[in-house]
Amino acid sequence: MDKLNRLGWAAGSAFQVFGVRIGIRVSDPLVLEAVLSRVPVSWTRLESAVVDRLYSVVTPLVRRRNVRHLCVLYGDHTRLSRTECIEDLLDHFESDVDLHIAANSQDRLFIHAGAVSWKDHAVVMPGRSHTGKTTLVAEFLKSGAAYYSDDFAAIDHAGYLHPYPRDLSIRVESDGCKRVSPEEFRAARAQPRPVSLVLITEYAQDAQWRPQPLSRGRGLLRLLENTPSARKQPAFAIGILQTAVEGAEIHQGWRGEKEQTVREVVNYLDGRSLA
């Protein structure tokens, strides 16, 4: 850290988001705005320089021919990314700051989950990366659902689900991922409300969506598996999850095609029985 501190830092900012204090410093002042654009929009600036996590961004000020020009990102004293592409560095920063907030916030409990609102029902779909959360969320939005998040479900102390201010991150074979706003699906941002339904599901080829009810105890354990703060703040996580699932149904099952799954869930929420 001492080595990093001796570098010439041209600009910086300290802010708080969901109760977590974060600092950013950059070697090139022109980069600061781009880094701040990747912070959740609910952040507020701090007057104090005391932070819980400090990000350092080193970028080349002068470019020379036949020389690799690397951008480097540090989280505290640990190197997180070393790349020639500033966009890759910004993506890594965004992912790390989201995870740090999720693991340390006491204002909200964050669950790795897609989440939507169908009419007056809040639906949470927990799962790690590559389990199809965004695919299901996008299909719900196409069907008319409102949007909470495709990666983190944010729950307050009263058990209410809130939007997490990120656009969907949709995988594209040629370009990796691209950001798509819910408005591109003509979807509204959902309002805070209690959780109605938890869907624990993963994709399996040729599967049909025929879920089974899961007890609240087992459902809570599955949610804890996808809660970044559970290890550091177990009492906090369990307390909020118990409140959140108190009035919710929890269903578990393999799913096949996204269209069939969403159609069945929507029919169920509209008062019709599952096929």
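**Exercise 1. Which side chain of opposite charge is nearest to the buried R255, and how far away is it?**

Solution. Start with burial: R255 is buried, where buried means under 20% relative accessible area, exposed over 50%, and partly exposed in between (1.4 Å probe, protein chains only). For the charges, Lys and Arg count as positive and Asp and Glu as negative, while His and the chain ends are not counted. A salt bridge needs a side-chain nitrogen of Lys or Arg within 4 Å of a carboxyl oxygen of Asp or Glu.

Then place the residue: R255 sits in the loop between β16 (249–252) and α7 (258–269). Helices (H or I, at least four residues) and strands (E, at least two) are DSSP runs, numbered from the N terminus. Finally, check the surroundings: leaving out residues up to four places away in sequence, R255 touches several residues, among them T131, L136, Y203 and W209. Contact here means heavy atoms within 4.5 Å.

A word on the model before going on: it is predicted, so local features need pLDDT of at least 70 and side-chain atom pairs count only at pLDDT 80 or more, while totals for chains, interfaces and linings use all residues. Residues are numbered from 1 along each chain as its sequence is written, and side-chain values use heavy atoms, with hydrogens and water left out.

**Exercise 2. Which residue does K133 meet in a salt bridge, and where do the two sit?**

Solution. The partner is D151, at 3.7 Å, N to O. Now locate them: D151 is in the loop between β9 and β10, K133 is in helix α4, and the pair links distant parts of the chain, 18 residues apart. K133 is buried at 8% relative accessible area, whereas D151 is partly exposed at 26%. Zoom out to the helix: eight of the 10 residues of α4 (residues 133–142) are buried, so the rest of the structure largely encloses this helix. Just after α4, G144 takes a positive phi of about 115°.

**Exercise 3. Which element gives the most residues to the largest nonpolar core?**

Solution. First, the rule: a nonpolar core is a set of buried Ala, Val, Leu, Ile, Met, Phe, Trp, Tyr and Cys residues joined through side-chain atoms within 4.5 Å. The largest one has 28 residues, and I111, A153, L161 and L241 touch the most other members. Elements giving two or more residues include β7 (109–118), α5 (216–225) and α6 (234–245). The answer is α6, with six residues. Take L241: apart from neighbours within four places in sequence, L241 contacts L109, I111, L220, L223, L224 and T227. A second, separate core has 27 residues, including L36 and F110.
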